[in-house]
Amino acid sequence: MMNNSPITSSVPILEVSQLHVSYGTFQAVKGISFSVSSGEIFGLLGPNGAGKTSTLSAIEGLIKPQSGQITVAGFSVLEKPLYAKANMGVQLQSTSFQAELTITEIIRLYSGIYGHPLTTAEVNAKLEEINLADHSKKKFGELSGGQQQRVSLVISTIHDPQLVLLDEPTTGLDPQSRRQLWDRIDTIKAKGHAVLLTTHSMEEAEAVCDRIAIVDHGQLIAIDTPEALIAQHRNDPDVISVSRRGKITLEDVFIGLTGRAVRS
Amino acid sequence: MQTRIPQTSAVISALLRADFTILWRNRRSLRLVLLVPLVIVISWKGLVDKLGGEYVLAGGITIGLISIGLLGYTNSIARDRDKGVFQRLRVGPVSAWTIMASRIAVQVCMVMIMTLSVFIVGYCVDKIAVSPLGYVTSFLAAILGGALYLSLGQLIVGMIKNPETVNSTTRLVYFVFIMVGMFGELGVLGKVVEDIVHWSPYGVVNTLIATSLKPEKWTQQTSMALLAALGYIVVFAGIGIKKFKWN
């Protein structure tokens, strides 16, 4: 059930170059550039309103950037949006599926949309994988937060995408569900896929991400591995001043770089 | 590494299956949408001799079309947009038009079910019989009328973002169309209102359907009503699509 004109790609999985996003006169993203390679989990961190969601929305093709380039598996999100989207799986921050559909029907819908139609047996196998086989007749809204996230993750990886975008995937989850989701993210990585996730949890960023970019006021202010970021900034007076127990953590570095002020 | 995008037919098929499942799950509201025109056709039985069977059938169908376009389509689009359903669909390799095409196909199906139900009830209860050609042309007119009210719904959902405001607006417009439309057309509200109603979306659809039931009575005024209906569709859909925000 595919188009007959496949296109071959052999470039980095995600490349964002000089991205600018504006809403009227407000510049939400000011020249952000980064790339994510296969088998890498990349974290995008930043306070509220820093430009994370705008960056992610531009990558997802939901908003049109003012300028800049975004390529997914070599396909420009602006010029070849369907090819770029076919290579990415997305878990949105507030996932909402059709309230009237059961999770089996939702999975079948999205498997069709991504051109990988699944039979009922295959859908059941997917549900078995995430321990939701007994809930196959339930509506999405009837599941717990952790169960909803598992279904969302299955849907975002249903077509085996090269890039998986996860927007605050563990928000509101209990520690057990969060750990389980981290394991699933590691599994995605082990398959050689690239993962871009946003989170407000520094613990999660440290535990899961290979590299981290900190964004503030629409600009990328730091990018490196969690360990390297801590090492680079452990002697910054701003970082030391926010340290609570003597030991410098990623959260100290984050607050030291982005400031103590609470963002709206 | 090869990248293939899903065929449009496969995407539409998946969307249609989901949208028709949703229609089936919402069959209670479907029954309500059907109930109003059927009640009108039954309760207007006494008008068949006075104003003609086509007047009664056209009235029922027009009000059914308003229900489908304003209460069904518009509110479901506003609700799904607000809940992020469209946003989730649009991050997939799906062209925006396929999402809307599937939604509209479901509504057209509802228009056909409603029109057929009105014909059946009109025949069984009111003994209104129409020529085969009349049934075919009025069926087509009902689809055109459905397009007009769907485009009006698109205009509302394009201009208004808040789903609660969309809901109250559609109910208000629905009420105004039914009350002013029915009474205005009968001349109860005066000549000026009667003329306005005659060329309003309510009036042109009613005229088109009533005449289509007896195609031999097609006049220049009916042609003008057809042109007006097409004009309304172009303007409403044009503005509604242009102003529409997916999220």
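Two strands count as paired if DSSP finds at least two bridges between them. Helices (H or I, at least four residues) and strands (E, at least two) are DSSP runs, numbered from the N terminus. This is a predicted model: local features need pLDDT of at least 70, side-chain atom pairs count only at pLDDT 80 or more, and totals for chains, interfaces and linings use all residues. Residues are numbered from 1 along each chain as its sequence is written, and chains are lettered from A and ligands numbered from 1 in the order in which they are written.

Start with chain A. Strands β4 (41-45) and β10 (211-216) of chain A run parallel, with four bridges between them. Which residue of β10(A) is the bridge partner of Gly43(A)? That is Ile212(A).

Both strands belong to an open, mixed sheet of six, ordered β7-β8-β9-β4-β10-β11 in chain A. At its edges are β7 (88-91) and β11 (219-224) of chain A, each pairing on one side only.

Now chain B. Val125(B) sits in the loop between α6 (96-124) and α7 (132-159) of chain B. Is Val125(B) buried, exposed or partly exposed? A residue is buried with 20 or more other C-beta atoms within 10 Å of its own, exposed with 12 or fewer, and partly exposed in between, the C-beta atoms being placed from the backbone. Val125(B) is partly exposed, because it has 14 such neighbours inside 10 Å. Its C-alpha atom is 6.6 Å from that of Ile42(B), 83 residues away along the chain.
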